[in-house]
Amino acid sequence: MTAGVDRAHVVVSEVAKEFETGATEPFVALDNIDLTIDQGEFVLLLGPSGCGKSTLLRLIAGLDAPTRGDIRVSGDPIAAGFERIGMVFQQPTLLPWLSILENVVYPARVRSQRLAREKRGEALRLLDMVGLSRVADQPPSSLSGGMQQRAAICRSLILDPEILVMDEPFSALDAMTREELQFELLRIHADSGKTIIFVTHSIPEAVLMSSKIVVMATSPGRIAETLETGMPHPRTLESLRLDRARELDGRIRQLIYGRDRGQE
Ligand SMILES: Nc1ncnc2c1ncn2[C@@H]1O[C@H](COP(=O)(O)OP(=O)(O)O)[C@@H](O)[C@H]1O
Ligand SMILES: [Mg+2]
């Protein structure tokens with residue numbers, strides 16, 4: 001046993017995912033994925049469209065099953081781990097007829113009215129943490145995209161999941177809101193110690209937020225390289241000027257585009 005094994009939170013072993021497409025051979029969306037994510041890690045998945053990032057997140061969240069291989073959360077098969085995972089997508093997908101507070105409480109309400117009542121205080125605390133207490137009683141339509149996405153993050157945290165799985169959660173936001181939310185999420189991560197698995201198309205976002213970056217490649221979808229970020233905390237905009245940040249940026253570009261920045 002190596003030292004990391006005890007802290008392993010999510011272990012993906014030799015996972016493949018194939019889709020039947022009507023062609024003779026099934027389409028290989030993910031091929032031979034091996035990935036170990038430790039407790040409290042902030043893992044960024046990065047790679048070209050179609051390399052299987054969303055598919056991998058769906059498998060980890062238990063929304064779909066691998067064709068081959070095995071995924072475990074704290075040693076348990078994923079079916080049992082499903083409720084221990086909170087999800088955030090590119091769109092906030094709030095229910096328009098419920099208030100912001102009721103949206104945040106919603107995952108509890110699906111379980112029972114009693115749990116919903118118990119979680120009201122926690123929902124207000126979460127909304128306060130992201131600066132949304134003022135609008136708790138308003139409908140989603142009265143909020144900006146960034147505020148709605150903050151509410152969606154609160155909703156994903158309401159059942160106190162061990163793991164947050166986030167699929168390009170900031171991609172639809174303007175650049176300034178995106179930056180604000182990046183630092184808010186870094187703070188939530190530092191305070192909660194949750195394991196976060198986050199998909200992005202943005203190399204600076206990956207470098208800024210991560211403890212580990214998994215660079216993926218297409219045809220078939222696979223891991224090209226896993227990079228330990230190795231930069232100090234807390235992260236600030238200055239972090240992106242560190243030599244290590246430039247090094248990571250260059251390496252990721254090489255892996256994705258086959259060449260470094262500035263080269264033809
Ligand atoms: N349900 C499905 N049926 C058939 N093909 C799928 C299905 N889901 C995803 N794919 C294919 O698998 C590949 C990976 O998709 P996806 O995980 O969404 O990629 P990414 O999120 O990296 O852009 C794509 O080529 C996509 O078309
Ligand atoms: Mg995707």
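Q: A residue is near a molecule or strand if its C-beta atom, placed from the backbone, lies within 6 Å of it. So which residues surround ligand 1?

A: One caveat before we look: this is a predicted model, where local features need pLDDT of at least 70 and side-chain atom pairs count only at pLDDT 80 or more, while totals for chains, interfaces and linings use all residues. Residues are numbered from 1 along each chain as its sequence is written, and chains are lettered from A and ligands numbered from 1 in the order in which they are written. Around ligand 1 you'll find Phe19, Thr21, Phe27, Ala29, Ser49, Gly50, Cys51, Gly52, Lys53, Ser54, Thr55 and Gly221. Strand E2 (27–38) and helix H1 (53–60) are the elements that give two or more residues to that shell.

Q: Which element gives the most to the shell around ligand 1?

A: Elements are DSSP runs numbered from the N terminus: helices (H or I) take at least four residues, strands (E) at least two. Here H1 gives the most, with 3 residues.

Q: How does the shell around ligand 1 split by class?

A: Ala, Val, Leu, Ile, Met, Phe, Trp, Tyr, Cys and Pro count as nonpolar, Asp, Glu, Lys and Arg as charged, and the others, Gly among them, as polar. That puts 7 polar, 4 nonpolar and 1 charged residues around ligand 1.

Q: Where does Gly86 sit, and is Gly86 buried or exposed?

A: Count the other C-beta atoms (placed from the backbone) within 10 Å of a residue's own: 20 or more is buried, 12 or fewer exposed, in between partly exposed. Gly86 belongs to strand E6 (residues 85–88), and Gly86 is buried because 23 other C-beta atoms lie within 10 Å.

Q: What is Gly86 in contact with, leaving aside neighbours within four places in sequence?

A: A contact means two C-beta atoms, placed from the backbone, within 7 Å. For Gly86 the partners are Ser156, Leu157, Leu159, Pro161 and Leu164. Gly86 and Ser156 are 70 residues apart along the chain, yet their C-alpha atoms are separated by 4.7 Å.

Q: What about the protein as a whole: which radius of gyration does it have?

A: The radius is taken over C-alpha atoms, and the globule rule is 2.2 Å times the number of residues to the power 0.38. A compact globule of 264 residues would come out near 18 Å, and the protein has 19 Å, which agrees. Its C-alpha trace spans about 50 × 45 × 40 Å along the principal axes. There are 8 helices and 10 strands in it, and buried residues make up 37% of the 264 residues.
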